[in-house]
Amino acid sequence: MTSQLTSVRPRGAPQDAARWDYVLEVEKVRKAFPGVVALDDVSLKIKPGSVHALMGENGAGKSTLMKIISGLYQPDSGEIRLRGESVTLASPLAAQQAGIAMIHQELLLMNSMTVAENIWIRREPRNRFGLIDHAAMYQQTEALLTRLKLDLDPDALIAELSMASRQMVEIAKAVSLEADVLIMDESTSSITETEVAHLFNIIRDLRDSGIGIVYITHKMNELYEIADEFTVFRDGKFVGTHAASDVSRDQIIKMMVGREITQMFPKEVVPIGDVALKVEGLGLAGVFSDVSFELRAGEILGFAGLVGAGRSNVAETLFGVTPATAGSIALAGRKLVMSSAYKAIHHGMAMLTEDRKETGCFLPLDIQENMQIAAIHENYCRNGIVDEASLEEDCHDICQKLRVKTPNMHECIENLSGGNQQKVLICRWLLTKPRILILDEPTRGIDVGAKAEIHRLIVELARQGVAIILISSELPEVLGMSDRILVMHEGKVTGIVAAASADQTSIMSLAAH
């Protein structure tokens with residue numbers, strides 16, 4: 001019989017975990033949305049005290065299943081069992097009370113609240129008058145952060161923290177729920193290698209305490225380092241489950257995409273043209289200073305550096321989001337004051353921002369509305385009249401080229417997977433026909449198949465003469481796709497090197513200065 005979990009679950013202590021072969025079982029779950037079947041009779045089994053990686057291309061159904069397990073969606077059919085008991089998870093609160101915690105890829109923190117307030121929201125300790133006991137909440141937070149070896153101030157506002165620190169707050173919040181099942185969705189996408197190592201130590205401790213961890217990732221090295229088992233989904237269907245040690249990287253990729261990917265970084269030598277962008281002594285008070293470089297037509301200039309080095313800040317200043325306080329910017333030999341993003345677009349620049357949720361997608365709008373928003377006035381409007389037919393045709397064609405998985409162009413972008421949202425944003429900027437394209441973390445949270453497609457697109461644009469700045473925290477990507485690499489450390493350029501003569505060690509040496 002299925003039970004409706006709406007109150008605190010009868011959770012076993014970690015040492016009781018051995019009573020269950022599987023702490024979580026998903027059997028033949030199906031979920032359809034208008035025009036698309038997101039999950040088609042998929043299954044998943046998580047052992048207590050294990051890390052189980054969930055792999056698949058963007059749109060494979062991973063996030064949909066996790067939203068079902070965490071109570072956000074209800075399945076159309078199928079069964080979910082927790083600790084051997086069939087359950088209905090009617091809401092996220094019911095899932096939490098049942099012993100399931102989820103760390104979402106898109107962070108769900110309140111920027112105006114403190115670290116402690118975010119961790120204990122709706123679970124705050126109360127005094128005898130029923131009021132929030134702030135002293136007790138601070139002490140509980142301090143004890144939790146100490147246990148996890150996280151150097152965070154319980155009283156710090158979320159808005160003042162780096163993206164990496166916010167990720168750690170989400171992890172602390174999930175751990176505070178003392179769940180039997182912990183779902184982690186792309187938890188390393190915005191943290192440094194040192195922080196990744198720390199996170200993996202936390203995961204191992206949680207696994208050893210008997211928690212079953214579902215770990216969603218697109219990074220193969222993480223699969224082999226942290227996972228005991230993995231399951232692959234493709235196009236909403238279950239492909240297979242294996243021990244992580246039994247399958248090679250190429251075999252996993254083939255399971256995910258249904259085909260072999262022979263070249264992840266298809267960099268080609270293309271003719272390098274005239275200087276498209278010249279930056280001299282560029283500065284933004286208190287953020288970065290004295291940044292100088294040239295970028296030529298057809299060239300891919302990689303930006304490397306540790307989190308907080310200032311790479312994204314330079315990109316935003318070039319694009320007019322945060323106008324410079326020093327230095328100069330020249331496009332095709334003409335000096336310009338880049339005072340707004342609109343002006344940058346007008347002069348042939350385009351920029352894909354690193355955070356698609358905060359600064360990229362207009363979530364309530366559909367795919368075409370998200371795509372056309374930057375190009376409609378520049379390229380499709382004459383005398384105040386929009387050429388709707390050309391606009392729709394170009395949007396459709398470019399979506400097909402990038403293999404955006406959607407039932408139609410009027411699907412709300414919020415309903416797409418993160419990877420397909422990223423593709424739509426790239427489509428947006430390609431519609432503007434840019435001469436200079438800034439790509440800030442273009443493959444973050446993207447599966448290997450989509451990465452290869454985006455890399456091929458970057459090479460094709462370079463071949464067409466587009467000048468490209470590629471910002472990435474993944475050194476193999478920077479090294480594999482760039483002609484030259486500009487390295488930053490704490491707001492300053494520490495070197496510009498030819499990619500052909502560089503390696504990860506030399507780039508990290510410059511990044512660490």
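Start by selecting phenylalanine 319, which is buried, with a relative accessible area of 4%. The model on your screen is a predicted one.

**Stop 1**

How many aromatic pairs does the structure hold? There are 4 aromatic pairs. Phenylalanine 200 sits in helix H6 (residues 193-208), while tyrosine 215 sits in strand S9 (residues 212-216). The two are 15 residues apart, and the pair links distant parts of the chain. Both phenylalanine 200 and tyrosine 215 are buried.

Phenylalanine 319 lies in the loop between helix H9 (311-318) and strand S15 (326-331). Tryptophan 429 belongs to helix H15 (residues 418-431). The pair therefore ties together parts that are 110 residues apart in sequence. Is tryptophan 429 buried or exposed? Tryptophan 429 has a relative accessible area of 9%, so it counts as buried.

**Stop 2: the cysteines**

Next, select cysteine 399 and show its sulfur. The closest cysteine sulfur is in cysteine 427, at 4.4 Å. A disulfide needs two cysteine sulfur atoms within 2.5 Å, so the sulfurs of cysteine 399 and cysteine 427 are too far from each other for a bond. Cysteine 399 has 4% relative accessibility and therefore counts as buried.

Then select cysteine 412. Which cysteine holds the sulfur closest to that of cysteine 412? It is cysteine 361, and the distance of 9.7 Å is again too far for a bond. The structure as a whole holds 0 disulfides.

**Stop 3: an enclosed space**

Rolling a probe the size of a water molecule over the atoms shows where empty space is left. In the whole structure, a search finds 3 cavities of 30 Å³ or more. The one to visit is the second largest cavity, with a volume of about 40 Å³.

To find the second largest cavity, select the residues that line it: Ala101, Ala174, Val175, Glu178, Ala179, Leu182, Leu206 and Ile211. What kinds of residue make up this lining? In the lining of the second largest cavity, 7 residues are nonpolar, none is polar and 1 is charged. Glu counts as charged, so colour Glu178 separately to pick out that residue in the lining.

How values were computed. Residues are numbered from 1 along each chain as its sequence is written. This is a predicted model: local features need pLDDT of at least 70, side-chain atom pairs count only at pLDDT 80 or more; totals for chains, interfaces and linings use all residues. Side-chain values use heavy atoms; hydrogens and water are left out. Buried means under 20% relative accessible area, exposed over 50%, partly exposed in between (1.4 Å probe, protein chains only). On a 1 Å grid over the protein atoms alone, a cavity is a set of points where a 1.4 Å probe fits but cannot get out, and a pocket is an open set with protein on both sides within 12 Å along at least five of seven lines; lining residues have an atom within 4 Å of a point. Grid points are joined across faces, edges and corners, and a volume is the space filled by probe spheres set on the points. Rings of Phe, Tyr and Trp (its six-membered ring) pair if their centres lie within 6.5 Å; planes under 30 degrees apart count as stacked, over 60 as edge-to-face and the rest as tilted. Helices (H or I, at least four residues) and strands (E, at least two) are DSSP runs, numbered from the N terminus.
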